[in-house]
Amino acid sequence: MSSTGEFEFIRQRLAPLAANYPGAFDLTDDAAVLSVPDGQEIVVTSDTLIEGVHFLADDPADSVAIKALRVSVSDLSAMGATPSACMLSISWPREGSDEQRERFVDGLAQECAARGISLIGGDTTVTDGPWTVTGTLFGLAPKGGVVRRSGARPGDILAVTGSIGNSGLGLQVARGTVDLNPALNTRLVKHYRVPPVRSDTAGFVRQFASAAIDISDGLIADSGHLANASGVGICLELQKIPVSAGLAEFWLRGHDSWIDGLVFLATCGDDYELLLSIPADRFEAAAVAFASKECALTVIGHVAKGRGVTVLGEGGTELQIGKAGFTHF
């Protein structure tokens with residue numbers, strides 16, 4: 001696999017990412033010690049990325065590292081927590097190269113520095129199977145202040161950050177099944193490989209949202225997760241879904257109907273935007289606050305009595321959605 005031994009690789013390349021966290025002990029021990037500031041509590045999340053399932057074999061190794069952190073940072077953001085530390089368990093492909101590992105650590109170092117995250121441990125192994133990365137992230141939030149999926153109430157406004165469908169469409173471009181124009185292709189593939197996350201809005205999530213979830217499985221599917229956890233119904237207006245500039249002109253209009261294109265964008269997943277239930281009297285202030293972080297909030301529906309998700313199309317017609325989003329099985 002490599003000319004560099006496992007422990008030398010950890011000492012030279014990974015240990016520097018632990019330097020700012022005293023309880024990581026420069027990655028020289030088998031475990032780390034977590035310290036919690038007064039008035040805070042730890043929020044923990046974990047995600048696994050597998051080559052061929054969550055990223056493509058030819059995706060750059062640095063983008064794999066960045067995505068491995070961002071998918072979990074997004075979970076923390078949805079609960080109003082700020083990332084602090086991470087552990088990574090990596091099963092490198094046996095045929096992998098020094099260059100692949102070096103580039104992975106370069107991406108990891110870049111993202112840790114940008115998010116204020118310290119690497120505090122994990123594991124490295126080699127496998128004859130696909131490259132696999134499991135990240136566990138530790139975040140901090142004021143004690144009793146986390147936002148859960150279960151707080152939505154009838155009358156709340158349903159809003160989403162950013163735009164929807166870029167990552168799912170970027171995957172299709174990367175696979176060669178969709179070809180738009182060169183500039184848009186490049187932008188969409190980048191969005192798929194390193195999706196934006198909203199870690200700088202965690203405080204606003206706590207301040208304004210009654211419930212929240214990050215959009216990983218797909219907007220419609222994750223709306224269902226939020227509705228089920230809260231014991232409410234959600235009315236989702238498909239035509240209000242925010243779509244990034246240029247995407248409509250170059251792709252949506254090529255479908256048999258505008259609605260078919262929107263259904264794809266709302267079910268493809270991998271967006272890592274936030275879906276928020278916000279009491280109506282807080283929405284205007286929330287929109288101003290999120291805008292201060294250059295993050296648009298778009299109203300896409302509302303919370304109602306009942307159960308499940310109702311998806312409305314043109315003229316308020318209720319749509320039947322075959323598959324609401326991604327599922328592993």
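Two strands count as paired here if DSSP finds at least two bridges between them. I take helices (H or I, at least four residues) and strands (E, at least two) as DSSP runs, numbered from the N terminus.

**Ground rules.** I'm working on a predicted model, where local features need pLDDT of at least 70, side-chain atom pairs count only at pLDDT 80 or more, and totals for chains, interfaces and linings use all residues. Residues are numbered from 1 along each chain as its sequence is written, and side-chain values use heavy atoms, with hydrogens and water left out.

**Entry 1, strands.** I started with β2 (82-93). Strand β4 (residues 132-142) runs antiparallel to β2, and 9 bridges join them. In that pairing I found Leu88 opposite Gly135 in β4. With β3 the sense is parallel, again over 9 bridges, and Cys86 faces Leu119 in β3.

Then I looked at the open sheet. It has 7 strands in the order β6-β8-β5-β9-β7-β10-β11, with mixed pairing. Which strands sit at its edges? They are β6 (211-214) and β11 (318-319), each pairing on one side only. β10 (residues 308-312) is joined to β11 by 2 bridges, antiparallel, and Val311 stands opposite Leu319.

I listed the buried residues (under 20% relative accessible area, 1.4 Å probe, protein chains only; exposed is over 50%, partly exposed in between). In α10 (residues 283-291) they are Phe283, Ala286, Ala287, Ala289 and Phe290. Why do they fall on the same side of α10? They do because they cover an arc of only 165° around the axis, the arc being that of the directions from the helix axis to the C-beta atoms. An α-helix has 3.6 residues a turn, so residues three or four places apart point the same way. Glu284 and Val288 are exposed on the other side of α10. I also checked what covers the buried residues, by contact (heavy atoms within 4.5 Å): the list includes β5 (157-161), α6 (202-208), β8 (274-278) and β9 (297-304).

The search ran on a 1 Å grid over the protein atoms alone: a pocket is an open set of points where a 1.4 Å probe fits, with protein on both sides within 12 Å along at least five of seven lines, and lining residues have an atom within 4 Å of a point. Grid points are joined across faces, edges and corners, and a volume is the space filled by probe spheres set on the points.

The largest pocket comes out at about 760 Å³. It is lined by 33 residues, and Val53, His54, Ser216, Asp270 and Phe326 are the closest to its centre. α4 gives the largest share of that lining, 5 residues. By class I get 11 nonpolar, 12 polar and 10 charged, where Ala, Val, Leu, Ile, Met, Phe, Trp, Tyr, Cys and Pro are nonpolar, Asp, Glu, Lys and Arg charged, and the others, Gly among them, polar.

The second largest pocket holds about 470 Å³. Of its 24 lining residues, Ile10, Leu27, Asp29, Gly121 and Gly122 are the closest to the centre. β3 gives the most to this lining, with 6 residues. The class count is 14 nonpolar, 4 polar and 6 charged.

I found Ser97 in the loop between β2 and α3 (98-115). Is Ser97 buried, exposed or partly exposed? Ser97 counts as partly exposed, because its relative accessibility is 33%.
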